[in-house]
Amino acid sequence: MEKINAGKQVKDISFEVRGGEILGIAGLVGAGRTETARAIFGMDPKESGEIYIDGQKVEIHQPLDAIRAGIGFVTEDRKGEGLVLTMPVSQNITLATLDKFGRNLSGGNQQKVVLAKWLLSDSKVIIFDEPTRGIDVGAKIEVYNIINSLIQQGVAVVMISSEMPEVMGMSDRVAVMHQGEITGVFDNDETLTQEKILYYATGGDKHTA
């Protein structure tokens, strides 16, 4: 992704994610993380910027373009966008009846249904927006196992999360956003701490640069 711009919350966003790795996107509420994902996936219009998959530039103007290019997006809204936009028509036909079984499917089970579908997809890049928000610990572990299965298949994963332990525990690298900009991208090694992430999430580097 190179120099993606979309409104006030997505400013010159550039990053890369490799097959078989998780790039965590950290930041405070309002940092522009979800807006960045929506712009990449074609849900919101981009003003400028280029997207490359396997070194080839792809044109994305709507979610269908993104899906055809090999990009998936599991949104935070599991019942709405998450169960519809990221699935082929044949699977959506089944998922459209999910409301009938709503009383039997907890938030965790809904999320597992969404994520499990990607194990059978041919997506090269999948963006997860708050993949474990609102689900219990047991379901979280199963969600992590599904994401790890995708990684083992060579899928490139972008994971947006507000939970610091989740970002630190799952990501190979972490990109930190503040007010619509990426303020730092770090390898997840012994030098990366929660304090460092919070420093960049609050724009600390801007005051010293």
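Which residues does I127 touch, not counting residues up to four places away in sequence? In this predicted model, I127 is in contact with A37, I40, I71, G72, F73, V74, V158 and I160.

## The largest nonpolar core

I127 belongs to the largest nonpolar core, which has 30 residues. Together with I4, F15, I25, I40, I51 and I71, I127 is among the residues that touch the most other members of this core. In soluble globular proteins, nonpolar side chains tend to be buried together.

The greatest contribution comes from α1, which gives four residues.

Another core lies apart from the largest one and holds 18 residues. Its members include V143, Y144, I151 and M159.

## An open sheet of three strands

Three strands form an open sheet in the order β1-β3-β4, and their pairing is antiparallel. The edge strands, β1 (2-5) and β4 (56-58), each pair on one side only. From one strand to the next, the twist averages 50 degrees. Strands of a sheet pair through backbone hydrogen bonds, either parallel or antiparallel.

Strand β3 covers residues 48-53 and is joined to β1 by two bridges, with the two strands running antiparallel. Within this part of the structure, E2 stands opposite E50 in β3.

Terms used. Residues numbered from 1 in each chain as written. Predicted model: local features only at pLDDT ≥ 70, side-chain atom pairs only at ≥ 80, totals over all residues. Heavy atoms only, no water. Pairing = 2+ DSSP bridges. Axes fitted to C-alpha atoms, helices over the stretch in contact; angles between N-to-C directions. Core = buried A, V, L, I, M, F, W, Y, C linked by side-chain atoms within 4.5 Å. Buried < 20%, exposed > 50% of the residue type's maximum accessible area, 1.4 Å probe, protein only. Contact = heavy atoms within 4.5 Å.
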